[in-house]
Amino acid sequence: MSVRELVVLGTASQAPTRTRKHNGYLLRWDGQGFLFDPGEGTQRQMVRAGVSATDITRLCVTHLHGDHCLGVPGVIQRLSLDRVAHPVHAHYPASGADYFARLRHASVFEETADLREEPIHADGVLAVGTFGTLSARGLDHRIETYGYRLVEPDSRRLIPELLGAQGISGPDVGRLQRDGVIVVQDRTVTLEQVSEPRPGQRFAFVMDTRLCDAVYALADGVDLLVIESTYLEAEAELATTYAHLTAAQAGRVAAECGVRKLVLSHFSQRYDDLRPFEQEAAKCFDGEIVVAEDLIRVPVPKR
Ligand SMILES: [Zn+2]
């Protein structure tokens, strides 16, 4: 069965705390594993969360601040140590290429993994595959930063009762799905007659940024939005100065974009109690809110 879930590896911004490791998120999406922003300690957290290096198919770094990338050396070396056989694609802002090169070759190791660097030069589509379309948009941070959006194409869901009523079963089901039409007992049956529309699932990952158009474009209509909320509204001025979001802003984005499930993360080390983050976001957004904690799993809501 296909699994679509977010495995939270770390939730701290800038400095880790006793209970929160630097950022790190693995999105399991059927057979794919998108590893977003591995901060320090990601390799160890992967072990604790039951994520293996083999699970990673794509590395997506939003920007080259340490809390978003200091785990890259360990993760990349682990790909080779574990002899990961499939290619792993690595996305990061092109302006950070020197930093990424140093992270990739931070220490001596025997590189056998097939890591394919695909730096991001501009907004647009990064990859299209069975998983859907992965695209990136530039955010408004202090250095070049990209958010990510994953969109699965719309499809149709077969309705077993209607298939039965039309006398379609066995290999005919596959044939109907492939061709869109089938002839059974001299009757022509179309896929539309025995199925209903199934909108594709959507996911967005928005890290360090001020509010900007790209935040809304990335989050538009997604099932699951992972978004930074470094600060509470009381520190809104700090948020603007350091180019970050507050929990209230994250909640407003989720409400305006029709998000289904909101995951808040990337918390400043100044906060011990995270309950106010949920309360602040909930004033604007009445959907499901998850205040991320290290090592939790968040299922992508079903369509
Ligand atoms: Zn950060």
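Phe-36 touches Gly-24, Tyr-25, Leu-27, Cys-60, Tyr-148, Phe-203 and Phe-205, with residues up to four places away in sequence not counted; contact here means heavy atoms within 4.5 Å. The model is predicted, so that local features need pLDDT of at least 70 and side-chain atom pairs count only at pLDDT 80 or more, whereas totals for chains, interfaces and linings use all residues. Residues are numbered from 1 along each chain as its sequence is written, and side-chain values use heavy atoms, with hydrogens and water left out.

Phe-36 belongs to strand E3 (residues 32-36); helices (H or I, at least four residues) and strands (E, at least two) are DSSP runs, numbered from the N terminus. With a relative accessibility of 1%, Phe-36 counts as buried, a class defined by under 20% relative accessible area, with exposed meaning over 50% and partly exposed in between (1.4 Å probe, protein chains only). The C-alpha atom of Phe-36 is separated by 22 Å from that of Leu-274, a residue 238 places away along the chain.

Arg-58 is located in strand E4 and is likewise buried, at 6% relative accessibility. Apart from neighbours within four places in sequence, Arg-58 is in contact with Gly-33, Phe-34, Leu-35, Val-88, His-89, His-91, Glu-118, Ala-127, Phe-131 and Leu-134. Between Arg-58 and His-86, which are 28 residues apart in sequence, the C-alpha to C-alpha distance is 10 Å.

Distant parts of the chain are linked by the pair Asp-67, in helix H2, and His-266, in the loop between strand E16 (261-265) and helix H10 (275-282), 199 residues apart. Asp-67 is buried at 8% relative accessibility, and His-266 is buried with a relative accessible area of 1%.

Most residues other than glycine have a negative phi. His-266, although not a glycine, has a positive phi of about 60°. Leu-295, also not a glycine, has a positive phi of about 75°. Leu-295 is found in the loop between E17 and strand E18 (297-299) and is partly exposed, at 27% relative accessibility.

In helix H4 (residues 97-104), the buried residues are Phe-100, Leu-103 and Arg-104. Viewed down the axis of H4, these residues fall within an arc of 95° and therefore line one face of the helix; the arc is that of the directions from the helix axis to the C-beta atoms. Asp-98 and Arg-102 are exposed on the face of H4 turned away from the buried side. The buried residues of H4 pack against strand E4 (58-60), helix H2 (66-69), helix H3 (72-81), strand E5 (88-91) and strand E6 (115-117).

In H10, Phe-277, Glu-280 and Ala-281 are buried. These residues cover an arc of only 95° around the axis, which puts them on the same side of H10. The opposing face, turned away from the buried side, carries the exposed residues Arg-275 and Gln-279. The cover over the buried residues of H10 includes helix H9 (247-257), E16 and strand E17 (288-291). Gln-249, in helix H9, is buried at 17% relative accessibility and touches Leu-211, Glu-233 and His-244, residues up to four places away in sequence not being counted.

Helix H1 (residues 42-49) packs with H3 at an angle of about 60°, the axes being 8 Å apart. This angle makes H1 oblique to H3. Axes are lines fitted to C-alpha atoms, for helices over the stretch in contact, and angles run from 0 to 180 degrees between N-to-C directions; those under 35 degrees count as roughly parallel, over 145 as roughly antiparallel, 65 to 115 as roughly perpendicular and the rest as oblique. Thr-42, Gln-43, Met-46 and Val-47 of H1 meet Gly-74, Val-75 and Arg-78 of H3.
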